[in-house]
Amino acid sequence: MQKITPFLWFDNQAEEAANFYVSIFKNSKVGDIARYGKAAAEAAGRPEGSAMVVEFQIEGQEFVALNGGPHFKFTEAISFVVNCETQEEVDSFWEKLSEGGAESQCGWLKDKYGLSWQVVPTILNELLKDKDPKKSERVMQAMLKMKKIDIPALKQAAGR
C-alpha cells in the first residue's frame, strides 16, 4: 500500500470517471468498489447499490474516487501531470483527457469531470533549464502562446 493516495470527490460519477481514466492510461485498472447499502444510501441520499467508493490505479498510482454529492468541486489548485516522451503521446493524452472538458494554456486542461491535468513533454523541463538564459526565455515565450504543448515548436524556439 502506498503512503499517500489521492482521494477524489465526485458528485455521482466516481465509477464512470474511474473507468474513463483507466481506459486512457496503460497499466491501469479499476479495483474494489464499495456500494451504498440501505442505511448509508438513506443517510447520503444516494441510490442503494450505487458506487460509494471506487479504488483504481493509473500507471501503478493508486487513487480513490468517492461519490460524495455536489458539495465540493475540483479546482486548478490541484492537478495531475502526465509526463510525455513524444509529441504522439502529448497529442493522444491531450485529445482523450480534454474530450468533453476544456483546454487551457501551457499544457493545462480540465477533463469532463472538472479535474485538472497538465500534459507535459519531458523535454520542456530540459529546455527551460538550458544554461543559455536567452534560449530558455525563447522556449518560455513559445510555450506561453500554446494550449497543447508542441515539441517541434519548443525545439525551434531553443534553436535545435
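1. Phe80 and Trp117 stand opposite each other, the latter in S8. In this predicted model, S8 covers residues 116-121 and is joined to S5 by six bridges, the two strands running parallel.

2. S5 and S8 belong to an open sheet of four strands with mixed pairing, ordered S5-S8-S7-S6. At its edges are S5 and strand S6 (102-103), each of which pairs on one side only.

3. Strand S5 (79-84) also contributes to the largest pocket, giving at least two residues to its lining, as do strand S4 (61-67) and helix H3 (87-98). The space in this pocket comes to about 320 Å³. Its lining has 16 residues, and those nearest the centre are Phe25, Ile58, Glu59, Val82 and Phe93.

4. By class, the lining of the largest pocket consists of nine nonpolar, three polar and four charged residues.

5. The second largest pocket holds about 190 Å³ of space. Of the 14 residues that line this pocket, Glu55, Phe56, Gln57, Glu62 and Phe63 lie nearest its centre. Two or more lining residues come from each of strand S2 (29-35), strand S3 (51-58) and S4. S2 provides the largest share, with four residues.

6. Five nonpolar, four polar and five charged residues make up the lining of the second largest pocket.

7. Strand S4 deserves a note of its own: at least two of its residues line the largest pocket, and two or more line the second largest pocket.

Key:
Residues are numbered from 1 along each chain as its sequence is written. This is a predicted model: local features need pLDDT of at least 70, side-chain atom pairs count only at pLDDT 80 or more; totals for chains, interfaces and linings use all residues. Side-chain values use heavy atoms; hydrogens and water are left out. On a 1 Å grid over the protein atoms alone, a cavity is a set of points where a 1.4 Å probe fits but cannot get out, and a pocket is an open set with protein on both sides within 12 Å along at least five of seven lines; lining residues have an atom within 4 Å of a point. Grid points are joined across faces, edges and corners, and a volume is the space filled by probe spheres set on the points. Ala, Val, Leu, Ile, Met, Phe, Trp, Tyr, Cys and Pro count as nonpolar, Asp, Glu, Lys and Arg as charged, and the others, Gly among them, as polar. Two strands pair if DSSP finds at least two bridges between them.
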